[in-house]
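Student: I've got a fold open on my screen and I'd like to talk it through. Can we go over it together, one piece at a time?

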Amino acid sequence: MARDLKLIKVCLENRGEDSETPWAQDLGPAKSGDKGSRRVRLVNVPFLHAKPTWGDVIVVSPLEDGRLTWDANGVPWSKIGTRIEEDGGRYAMIIDYAPHDPSDGGSAAFKAVYKACEDGNTDLQKAPMVCEGAFGPADGRPGRAYLAVKDALEPAEVMKRLRDARPPCDLIQIHPESKPKKPAARKPAAKKAMAKKPAAKKAMAKKPAAKKPAKKPARKAAAKKSAAKTHFRGNAKSAKRPK
């Protein structure tokens, strides 16, 4: 809880349900809202409402019984910012802590977690995380703490910082639910190139050698006529016999 501030109790609810009464810093009369409404800055981490949370400025209005109340009025989570006058730049986380030595009721474990959240800042406005205990460990059940974390820090980074501080306890992330890490995809092993066998050459059918055309037998020279022609000596005219 913040010190040296004018603190008042306020009520947070949602149409009459999820009612809780955190402490808040009174910032004076509000310009909006019903008569008697006031601007306040939350100095607790609410347990039933993720927003508003520690550091947010809201307008609270008096009900019939006089309680200064903030009503979420049933707006969906995506529009919850319309019900907050000044966003403090933090979101809510829930963690469980299981002390290694529960004999002290988890006191040493919670103090170590609280100190890790402050990160050396006595001014909680500058602290990366504001821690508030919900209940301590008992009967084998871990203790629970609520955190108001600066928007710049991702939940995974929050858990890393807390674990790096080595508190004497095991830490479990409850809200927001941690996402399981996806296993790294294995690269398929490179297949060894199989030595390719030389393709079997198909036996080429040998064409039968072309047969040389048979030589025609040489024709025998025509036989010469044996009878020679008679030649006449003297006058070729037939001779007349003398009478």
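Predicted model: local features only at pLDDT ≥ 70, side-chain atom pairs only at ≥ 80, totals over all residues.

Student: Which helix holds F110, and which ring does F110 pair with?

Tutor: The ring centres of F110 and Y97 lie 6.0 Å apart, with the planes at 40 degrees, so the pair is tilted. The two residues are 13 apart in the chain, and their pair links distant parts of it. Y97 sits in strand 8 (residues 90-99), while F110 belongs to helix 1 (residues 107-118). So the helix is helix 1, and the partner ring is that of Y97.

Student: Is Y97 buried or exposed?

Tutor: The cut-off for buried is under 20% relative accessible area. Y97 has 4%, so Y97 is buried.

Student: Which residue joins Y97 and F110 in a cluster?

Tutor: A search of the whole structure turns up three aromatic pairs. Ring pairs link Y97 and F110 into a cluster with one further residue, Y114.

Student: How are the rings of F47 and Y146 arranged: stacked, edge-to-face or tilted?

Tutor: Planes under 30 degrees apart count as stacked and those over 60 as edge-to-face. The F47 and Y146 planes are at 35 degrees, with the ring centres 4.5 Å apart, so this pair is tilted.

Student: Which parts of the chain does that pair tie together, and how many residues apart are they?

Tutor: F47 is in the loop between strand 5 (38-42) and strand 6 (57-62), and Y146 is in strand 10 (residues 143-150). F47 is partly exposed at 32% relative accessibility, whereas Y146 is buried at 11%. So the pair ties the loop to strand 10, and the separation in sequence is 99 residues.

Student: What is the strand order in the open sheet?

Tutor: Four strands make up this sheet, and the pairing is antiparallel. Strand 9 (129-135) and strand 11 (169-175) are the edges, each pairing on one side only. From one strand to the next, the twist averages 30 degrees. The order is 9-10-8-11.

Student: How many bridges does strand 8 have with strand 10, and how many with strand 11?

Tutor: Both pairings are antiparallel. With strand 10, D96 has R144 as its bridge partner, and with strand 11, A98 has D170. The counts are eight bridges to strand 10 and six to strand 11.

Student: How many residues of strand 8 are buried?

Tutor: Helix 1 lies across strand 8, strand 9, strand 10 and strand 11. Helix 2 (residues 155-164) packs on the sheet too, touching strand 8 among others, with its direction at about 40 degrees to that of strand 8. Strand 8 is mostly covered, and the buried count is nine of its 10 residues.

Student: How many disulfides does the search of the whole structure find?

Tutor: Sulfur atoms need to be within 2.5 Å to count as a disulfide. For C131, the nearest cysteine sulfur is that of C117, 4.5 Å away, so by the 2.5 Å cut-off C131 is in no disulfide. The number found in the whole structure is zero.

Student: Is C131 buried or exposed, and which residue is its bridge partner in strand 10?

Tutor: C131 has a relative accessible area of 7%, so C131 is buried. Strand 9 and strand 10 run antiparallel and are joined by six bridges. The bridge partner of C131 in strand 10 is L147.

Note on methods
Residues numbered from 1 in each chain as written. Heavy atoms only, no water. Buried < 20%, exposed > 50% of the residue type's maximum accessible area, 1.4 Å probe, protein only. Phe/Tyr/Trp six-rings, centres within 6.5 Å; stacked < 30°, edge-to-face > 60°. Pairing = 2+ DSSP bridges. Axes fitted to C-alpha atoms, helices over the stretch in contact; angles between N-to-C directions. Contact = heavy atoms within 4.5 Å.
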